[in-house]
Amino acid sequence: MALATPRAGAAAYAPCDNMIDYDPHRWWSYFHYLRGSMVREIVARVLICVLWAVGVTAVHHHTKPLDIPATVHTLAGISLSLLLVFRTNASYDRFWEGRKLWGGIVNETRNLARASSVFMRRDAGLYGTLVRWISAFPYAAAASLRGERDLGPVASELPRDEADAVLGSQHVPLAVSQKMSAVLDEGRLRGYYPEHVQMQLDQNVQLLIDYIGGCERIHKTPMPFAYMMHLRRALMVYCYTLPFALVDSFGWITVPATFVVAYVFFGIEEIGVEIEDPFGHDDNDLPLERICETIHGNLKALMPGSAEAIHAPVSVVAIPGGGQDA
Amino acid sequence: MALATPRAGAAAYAPCDNMIDYDPHRWWSYFHYLRGSMVREIVARVLICVLWAVGVTAVHHHTKPLDIPATVHTLAGISLSLLLVFRTNASYDRFWEGRKLWGGIVNETRNLARASSVFMRRDAGLYGTLVRWISAFPYAAAASLRGERDLGPVASELPRDEADAVLGSQHVPLAVSQKMSAVLDEGRLRGYYPEHVQMQLDQNVQLLIDYIGGCERIHKTPMPFAYMMHLRRALMVYCYTLPFALVDSFGWITVPATFVVAYVFFGIEEIGVEIEDPFGHDDNDLPLERICETIHGNLKALMPGSAEAIHAPVSVVAIPGGGQDA
Amino acid sequence: MALATPRAGAAAYAPCDNMIDYDPHRWWSYFHYLRGSMVREIVARVLICVLWAVGVTAVHHHTKPLDIPATVHTLAGISLSLLLVFRTNASYDRFWEGRKLWGGIVNETRNLARASSVFMRRDAGLYGTLVRWISAFPYAAAASLRGERDLGPVASELPRDEADAVLGSQHVPLAVSQKMSAVLDEGRLRGYYPEHVQMQLDQNVQLLIDYIGGCERIHKTPMPFAYMMHLRRALMVYCYTLPFALVDSFGWITVPATFVVAYVFFGIEEIGVEIEDPFGHDDNDLPLERICETIHGNLKALMPGSAEAIHAPVSVVAIPGGGQDA
Amino acid sequence: MALATPRAGAAAYAPCDNMIDYDPHRWWSYFHYLRGSMVREIVARVLICVLWAVGVTAVHHHTKPLDIPATVHTLAGISLSLLLVFRTNASYDRFWEGRKLWGGIVNETRNLARASSVFMRRDAGLYGTLVRWISAFPYAAAASLRGERDLGPVASELPRDEADAVLGSQHVPLAVSQKMSAVLDEGRLRGYYPEHVQMQLDQNVQLLIDYIGGCERIHKTPMPFAYMMHLRRALMVYCYTLPFALVDSFGWITVPATFVVAYVFFGIEEIGVEIEDPFGHDDNDLPLERICETIHGNLKALMPGSAEAIHAPVSVVAIPGGGQDA
Amino acid sequence: MALATPRAGAAAYAPCDNMIDYDPHRWWSYFHYLRGSMVREIVARVLICVLWAVGVTAVHHHTKPLDIPATVHTLAGISLSLLLVFRTNASYDRFWEGRKLWGGIVNETRNLARASSVFMRRDAGLYGTLVRWISAFPYAAAASLRGERDLGPVASELPRDEADAVLGSQHVPLAVSQKMSAVLDEGRLRGYYPEHVQMQLDQNVQLLIDYIGGCERIHKTPMPFAYMMHLRRALMVYCYTLPFALVDSFGWITVPATFVVAYVFFGIEEIGVEIEDPFGHDDNDLPLERICETIHGNLKALMPGSAEAIHAPVSVVAIPGGGQDA
């Protein structure tokens, strides 16, 4: 989507994230939600399991007893539950680490713009160039994680050929970061700060690269195949043998009972899948576009010529009662 | 609240946090507390569940047996318990991370004021300006997390137009941090320290921005919707089917038994909700205002002209027995 | 205690920590210990619970059957156990974080004394002043965490008026750190090193402030009230209803059985309380005074005029076979 | 393998990792996979256990009853399950830490190449040398972790004698890092940057050494022997006594029941073994070669003379509306 | 041992660690190991428990029924298992943290030798002195953690009086680090680098001190006494009451059943004890001597005059096709 109109104006950048906004304090409001609650994802495997339970119960009652004791399900159920919940929490840790990395992108874009403004504010052109490239970084990073190419609403304000070259490069966020480095180098060449200030400002660029690298790590490395596969196989065996363990004591209630267990277990497993790579367009993914907009908004306020008084040349005011050089 | 009187004097800043002060060593003292113990939050959903248990038991005894075995509740209960307690602990981790971030704000305000005092103490006016803006930062941050705008008791000592401009800016704590940067830049321009000292002092400002960014991350990112929703649905199914599993063996004691289980389970879930975003005004939230006051107190002692002797020009005393240049 | 004699000599500083020294490899040696094993803390609540069990059993046998099935205790017991053990481990994490912070204080005092000795060793007076203030820091920090005021055995070697001023300041460790900063500034003014060396040395002072800030965070922030309260209420309900679940099958053995369960559960809960704030004078708290003594010993060896040869002017020896300028 | 042709051209470097690429959202697609799902590894121990179950059941039915109650398996099963799943998660943490370290290698190679390009771009020869050595580092690191020696596709572009000397040194990645340091030093000697810029660039080299050191730590330190051994012994006792506990209630279904439990338990244990050292050639190991290729690709785009326009001399463009020196 | 011959030659430094080398992929190879698998440590307490079970069973069968239901063991067993496994994992975290700290020592010795070689390589005598002291550090650290005093095989190459003074100092690793600082200071005085390069190199010395400080923290701080004691008491009560719960249903099989449970539980507890302080000479401790040897080997290759060509004066080669100053 973003790729189609990489240089469209800001108007096109209304948040189009799917993440569901909800208030965890409102208990009863979301029970009817299908969206984002994985019902669509797990309905097939739960239904098949329920049909199987119907079959088992029917055969047991009408043809031949099929019941087994529930001992094994109790014994193996503990390991399985532990593995299942640990997997979901490993996924949550990845979700939260992804969120932290994007929080770091928010912080470092703020820091870079703020720290460089002190030295560059005399040169509105150069500082504006820097802020525009900073603003392009999160859009480039988000698009890159989604297999797209984009520079966000600021693209139209960048020189067309440079923006096109960056969009055409092998790794767009890396190319954007090189643009930032180049502007910072230009600032030194114009004499606004010495080399060690440049190196210090460059630390923030370096952190931005670390953060996008961290996101790519999460995006490209799923749970080890053996872990995922063993869990799913064990889950399948567990759920498909469950009707045998229940049928004698539960009768036809075996069917809803199997439904509940399958729903709970397949659901927990699916949560792990949903949130282990939180950079996509799914309902439970991170609102990357909203985060990009926040950064864009923060940076716009810092642009030379913005309306906010605090960005006018800063004047330090002597406080009455504490005279300067007193 | 704070927004209404953003420039009121210090008198208005008595701690108004709701966090309950308690001594964990006193075991019996808090059992009667309703406040802060989530009784009000979960009473409705527990009561409905209890009424349902009354209905199920009545029908079972008088109309038609409704009992099922407890096997499924045992099997699914382990997963559910694990998921429930893990979720609560993920929330506790967020609570504790939020506390750490505010601890970092305490540390960095201290560090910035202390490290800059060495270089700036000759210029009481400039140093006083810096300390005042530092003191305003935590109030601005706390208010920002609560959707308010505030600069704390120091607001009245700041130039009116600058304070108003900062309060009117898009992101108040960011605007305050820019003021700090500007004062640090002014200090360099006045020749108190070279650029690399300024960059080093600016690192503390950078950390302050990182910390407020971290708080915003926690505040704006709830648990993934799928996680929360699946847990609540499973919890509902579990609690509402429990009376069927208990009614045959427990008789009318099914009702208090269901009450206990529902109270324990809904309570654990509610703890997770209460502490996952610890920056509000709730009973279990962090005492942000008290933390702001602590910072304000520490900084007031550092202000030029404060009563404490140690902040007078520092004299290093030669120790008897270890002569200087010996 | 320390407050009463803030300037007593070193003789008064024999370790008075209560922490129990034990060898985990000796299995049978500590079973008879009452001290440190929380027996005194939980004896009341366990005994009341046992008496209750006696009453329940007596009524059941002589008056009227009171037994209920154990199903609910099994179902809710898993959640309760998980919550209990997680809480204890959250407390252990705080204990360990507190230990890490004090380990950091050990490291940074060593680092500051070592790194500054290179530049300051020509000036025994100034370096001695610095080392004395560094040595005072851990005592000030430990006392501050315990609501006391102290500068340790080195207090008598510090100028009386400065030590008194520091002891009288709002935040003693912060005041000590300012003294260190002042000595470091004096060193620069005397021309021993340039500004960026001072800034680098000041980083260690900054870390010391971060560590004491971290300790204060742990000390002042108990577990969220809702978490603690819900756990205790659920624990009470669990233990007081347990005799009903046991009485029919256990008979009079219900009483010791209830004792064992109450002892185990209340004990785990009490561990969490004991170690969540590890900076006090309790048996299970950290040996802060011993740590302070270790630092004091390390620093004494670094003092100008100490007996250890390695602290005499350092001479770098040319190695045979690798000639200088070869 | 790589050792045999250490200087073969890029053509030889098609990814030869075994890691299975899979889409966790596709549920049913991988159930038939033998590769990577540990079936081969655990089939022997599971089969022996099943044969044992056949024997036990046969003796029980035809010779002499051998059944015992399942109580002990329930009691000890919880500890065993916990230990098992914790061990697997400790292994996953090592897997993930290994992935993070390689993510760090990706980031730091990018950062070093980008940060140094600003200062070195005038000297294509020197910069090209640096980028080639950077590109050799990940290959050297991956090979070193696998007991091999390699410099990757860039080897043919390095001076033959230096590459051979590095390949013959005690620790190849360390020797490569020294080459980088030497090039950075040469850059300073040629006057492109002062010492502190060199030190800052050297920080990235230092991080690369830290990361390879971290990988060696994971590679060389298995789980403590006692932990592994106790778990396996307990697992053996558990699985080989299980048929006795099941045989009376399960009859001949004891055999598939034992199979399922042994499959689940041995499988979880095997996952832990598979992923605790993720740097080998196994199906579940990290795709080190693919990561090396990614780095190589990123760096190739940065080489002087590469096709991508953004690496041509950077020109900062004045933005209309924000004039320079305005 | 090391103390007896602190200056013996390298020949005396064959690895004498006890850590068991094993391949986790070989499943059946280690089941017969007594060494390292804690059998000797727990045999006494398990045997006593088994004898007790024999007594209980005998009395039950011949004198008077002693059986109780297993309900309480089920209820309390979950908490106990959780506490047990969490304790073992807390110990594993300490083991792993200790390994990380030693990994850090490996990295920083490498970094310090590599980074300083660039500036010092002109002066083989001074650089050789530095590398020798760096090489002595890990031996001093390992010995210090084991209550010994040692400088490793390099001791014989150090000036006798300085080595003796260091070995006689209060804290040997700290004294070694001061020697490094002194050499680095000498390098600056000889004009090889300015102060800020010295400070940057000193950062690595600082990290070495942080790491040895971290190891001392782990070594000196056992699990809180209350945690260890409560766990052991609960374990004792659990295991000694278990025969009563089993005797009725298990008959004489109570004895092996009690054996298995006691073996599993006491074994898990013992793992925690074995690995919580991983710096000793035990079978499950870290191979500190092997790590020291690795460092020594790495550093020997860096010594001036070593055979490896890459340490000869480094020459940067112009790459064909990318001319210098092109």
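This report walks through some helix pairs, chain contacts and salt bridges in a predicted model.

Let's start inside chain D. Two packed helices are described by the angle between their axes and the distance between the axes. Here the pair is helix α2 (residues 71-120) of chain D and helix α7 (residues 225-250) of chain D, whose axes come within 10 Å and cross at roughly 140 degrees. That angle is why α2(D) counts as oblique to α7(D). As for handedness, α2(D) goes past α7(D) in a left-handed crossing.

Which residues of α2(D) meet α7(D)? On the α2(D) side they are D:H73, D:G77, D:L80, D:L83, D:L84, D:F86 and D:R87. Their partners in α7(D) include D:Y227, D:M228, D:L231 and D:Y238. Sort the residues in this contact of α2(D) with α7(D) by class and you get 12 nonpolar, 3 polar and 1 charged.

## A side-by-side pair in chain B

Next up is chain B, where helix α3 (residues 124-145) of chain B packs with helix α6 (residues 195-220) of chain B at an angle of about 15 degrees, with the axes 10 Å apart. Angles under 35 degrees count as roughly parallel, and so α3(B) and α6(B) are roughly parallel to each other. The crossing of these two, α3(B) and α6(B), is right-handed.

From α3(B), the residues B:F137, B:A141, B:S144 and B:L145 take part, and across from them in α6(B) sit B:L208, B:I212, B:C215, B:E216 and B:H219. By class, the contact of α3(B) with α6(B) is made of 6 nonpolar, 2 polar and 1 charged residues.

## Another pair, in chain E

Over in chain E, look for helix α2 (residues 71-120) of chain E and helix α9 (residues 288-302) of chain E: their axes come within 10 Å and cross at roughly 10 degrees. That makes α2(E) roughly parallel to α9(E).

The tally by class for α2(E) with α9(E) is 10 nonpolar, 2 polar and 2 charged residues.

## Chain C and its partners

Now for contacts between chains. The size of an interface is often given as the accessible area lost when the parts come together. For chain C and chain E, that buried area is about 7300 Å², with 67% of it on carbon and sulfur atoms. The contact joins 83 residues of chain C to 83 residues of chain E. How many salt bridges are there between chain C and chain E? The count is 4. C:R110 makes a salt bridge with E:E216, with the closest N and O atoms 3.0 Å apart.

Turn to chain B, and the contact takes 83 residues from chain C and 83 residues from chain B. Chain C and chain B bury about 7300 Å², and carbon and sulfur atoms give 67% of that. Three residues, C:F225, C:H230 and C:R233, supply 10% of the area that chain C buries against chain B, more than any other three residues. Between chain C and chain B there are 3 salt bridges. In one salt bridge, the side chains of C:E216 and B:R110 meet at 3.0 Å, N to O.

## Salt bridges overall

Count over all chains and you reach 71 salt bridges. C:E157 and C:R132 form a salt bridge within chain C, their closest N and O atoms being 2.8 Å apart. This pair links distant parts of the chain, since C:E157 is in the loop between α3 (124-145) and α4 (160-168) of chain C, and C:R132 is in helix α3 of chain C, 25 residues apart.

Terms used:
Residues are numbered from 1 along each chain as its sequence is written. Chains are lettered from A and ligands numbered from 1 in the order in which they are written. This is a predicted model: local features need pLDDT of at least 70, side-chain atom pairs count only at pLDDT 80 or more; totals for chains, interfaces and linings use all residues. Side-chain values use heavy atoms; hydrogens and water are left out. Axes are lines fitted to C-alpha atoms, for helices over the stretch in contact, and angles run from 0 to 180 degrees between N-to-C directions. Helices (H or I, at least four residues) and strands (E, at least two) are DSSP runs, numbered from the N terminus. Angles under 35 degrees count as roughly parallel, over 145 as roughly antiparallel, 65 to 115 as roughly perpendicular and the rest as oblique. A crossing is left-handed if the near helix is turned anticlockwise from the far one by less than a right angle, and right-handed if clockwise. Contact means heavy atoms within 4.5 Å. Ala, Val, Leu, Ile, Met, Phe, Trp, Tyr, Cys and Pro count as nonpolar, Asp, Glu, Lys and Arg as charged, and the others, Gly among them, as polar. Buried area is the accessible area (1.4 Å probe) that two parts lose on being put together, summed over both.
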